[in-house]
Amino acid sequence: MIHSFTVTNHTGRSLECELANPWREGLAVTSIDGLGPGQATVNVADISSTDGGLFNSARKTYRNIVFNLVFVDHDTLTIEDIRRKCYTYFPLKKNVKLKFTTYDGKALTDFFIDGVVESNEPTIFSSAEGASVSVICPQPYFHTSVMQEQRFSVSSNPEFSFEFSKVPTDNTQLLMSDVVSYVVAPVSYKGDANTGIVVDIAFKSNVVHDPENPKKIRIDNSLTNTTNVFSLEKIKNIVSDLLDGYTGIVSGDKVRLSTIVGEKGLVYTHNGVDYNVLGAIEPAGKWVELTSGLNYLSIDKDSSIEITAGVKNKIYYYGV
């Protein structure tokens, strides 16, 4: 059940309304619409030769959350004061941040979403004065307050699975396993809606640039079958045009890839300075994303390059 909602206006002021205690702020909630998964727009192409149609695409439009409020008696505030308070925390045309807190009998859980106030219409001449407030949320999914994080680790291929004697019989070396060129990160994503990721890569060795054999870094998610590839040679060429004396990627440099909607990009950091190197990304049908379940992420690279890497992501939900 919903325990409370909190609105933070464009100036950073916050108002928390507990549904079971409306007298604290003078605002009673009669209903809140638009908190569920809502409706998607499904595009179907008609087929003249047969019944039905062919699925084309589907998308979720913006979310519209509507608060229906009643102003109640307060120890120090009049009904007019409470109405003005409602204007302050739900200012027309301004950005607001909404937090909905649910309680399952054991723990409180917070869901966040950003929006813009579309309308704030009071019922001034009603016997039970209140207001109807409409908030438009361009990004329709709720999200958690903190990002999920996971480190990549070096993988290896096992080379045997049988019992053997520990006593050496000759000088032959026994191959235990092969260390492969890629690093991996299993990410268990518990959200409902797919989400983009932020991958941070730190170079632990200098990159030997070879225009005839350009080195690349490939990031995959086998569960969603999505891939992004960027060229280290193109990063060198882009930065060389901006920085005199630049010779290439060295140990200590970093790269950050973001596939989050509205924040997609590739940033390269050298000597503490960030460079936009989006042009180094090769065209792809889809950006790497996570879906509900166990996602298996991997970063493939040239074996001569040493890196450490981590990935983080927001968790998105269809509804509260």
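Start with helix α2: its buried residues pack against β15 (198-203), β16 (216-221), β17 (226-231), β18 (254-258), β19 (265-270) and β20 (273-276). Packing here rests on contact, meaning heavy atoms within 4.5 Å. Helices (H or I, at least four residues) and strands (E, at least two) are DSSP runs, numbered from the N terminus.

This is a predicted model: local features need pLDDT of at least 70, side-chain atom pairs count only at pLDDT 80 or more, and totals for chains, interfaces and linings use all residues. Residues are numbered from 1 along each chain as its sequence is written, and side-chain values use heavy atoms, with hydrogens and water left out.

**Stop 1: helix α2.** Select residues 232-240. L232, E233, I235, K236 and V239 are buried in this helix. Buried means under 20% relative accessible area, exposed over 50%, partly exposed in between (1.4 Å probe, protein chains only). Now look down the axis of α2: the buried residues fall within an arc of 160°, so they line one face of the helix. The arc is taken from the directions from the helix axis to the C-beta atoms.

Next, show S231 and E233 at the start of α2. A side-chain oxygen of S231 comes to within 3.3 Å of the backbone nitrogen of E233.

**Stop 2: L27.** Move to strand β3 (residues 27-33), where L27 sits. L27 counts as buried because its relative accessibility is 3%. Which residues does L27 touch, leaving out those up to four places away in sequence? Select L15, C17, P22, L69, V70, F71, V72 and I82. Then check the C-alpha atoms of L27 and F71: they are separated by 5.0 Å, yet the two residues are 44 apart along the chain.

**Stop 3: the aromatic rings.** The structure holds nine aromatic pairs. Rings of Phe, Tyr and Trp (its six-membered ring) pair if their centres lie within 6.5 Å; planes under 30 degrees apart count as stacked, over 60 as edge-to-face and the rest as tilted.

Select F5 and F100. Their ring centres are 6.5 Å apart and their planes at 40°, so the pair is tilted. F5 lies in strand β1 (residues 2-8) and F100 in strand β7 (residues 95-103), 95 residues apart. F5 is buried at 1% relative accessibility, and F100 is buried at 0%.

F100 and F142 form an edge-to-face pair, 5.9 Å centre to centre with 85° between the planes. F142 belongs to strand β10 (residues 142-143), 42 residues from F100. F142 is buried, with a relative accessible area of 0%.

Finish by selecting F5, F67, F90, F100 and F142 together: ring pairs link these residues into a cluster.

Note on methods: Polar contact = N/O pair within 3.5 Å; in protein donor to acceptor, adjacent residues only side chain to side chain.
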